[in-house]
Amino acid sequence: MSMSSTPDLELMTFNGVKELLNYVNSQISDLERRIKDIEGMMSELRVKADKYMALMKMIEEIVGKGQQLSLSTAIELTGLKIIFDPRPIDEYETLDESRKAMADRLAALMRVKDVLDIIASKLGDKADVPILVELKMGIPVKIIFRSW
């Protein structure tokens with residue numbers, strides 16, 4: 001079994017640009033909601049993470065800067081990192097990484113939405129033809145109008 005050179009690509013079919021636009025709008029709403037949830041979790045963790053970092057800094061000053069203090073219990077299995085009893089900073093950084101990636105996807109989807117809005121308004125009913133859409137990481141990157 002060989003891996004595809006583009007494992008993050010998928011293909012979807014739609015009955016027209018408006019249907020694709022509805023799909024993109026739904027994805028945007030979902031991402032906005034999930035980002036807001038993550039930001040709420042981050043603000044709750046921020047206080048704990050700040051206290052933890054202050055404590056680590058104090059310990060580092062006492063023990064000496066050269067000492068590696070590895071307090072995380074992380075295990076990596078076939079590319080999957082598993083963290084037991086995470087430090088507040090581990091959780092916070094994970095949430096922040098995800099939030100940034102999701103915000104990037106949201107910005108890309110907003111740009112696609114702007115283009116689709118223009119296409120839908122310019123073509124009107126003519127935009128209601130079957131289309132194939134290639135998506136990369138859930139973002140439309142190619143639209144093929146199948147028939148006119």
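From the N terminus on, the elements of the protein chain follow the pattern β-α-β-β-α-β-β, that is, two helices and five strands, where helices (H or I, at least four residues) and strands (E, at least two) are DSSP runs numbered from the N terminus. The model is predicted, and local features need pLDDT of at least 70, side-chain atom pairs count only at pLDDT 80 or more, and totals for chains, interfaces and linings use all residues. Residues are numbered from 1 along each chain as its sequence is written, and side-chain values use heavy atoms, with hydrogens and water left out.

**Sheet**
- Three strands form an open sheet in the order β1-β4-β5 with antiparallel pairing, two strands being paired if DSSP finds at least two bridges between them.
- The edge strands, each pairing on one side only, are β1 (9–14) and β5 (139–145).
- From one strand to the next the twist averages 25°, with axes taken as lines fitted to C-alpha atoms, for helices over the stretch in contact, and angles running from 0 to 180 degrees between N-to-C directions.
- Strand β4 (residues 131–136) is joined to β5 by six bridges, the two running antiparallel, and glutamate 134 has lysine 142 in β5 as its bridge partner.

**Helix on the sheet**
- Helix α1 (residues 17–63) lies across β1, β4 and β5 and runs at about 130° to β1.

**Whole chain**
- Of the 148 residues in the protein chain, 25% are buried, meaning under 20% relative accessible area (1.4 Å probe, protein chains only).
- Among contacts (heavy atoms within 4.5 Å) between residues at least 6 apart in sequence, 69% join residues at least 24 apart.

Note on methods
Buried < 20%, exposed > 50% of the residue type's maximum accessible area, 1.4 Å probe, protein only.
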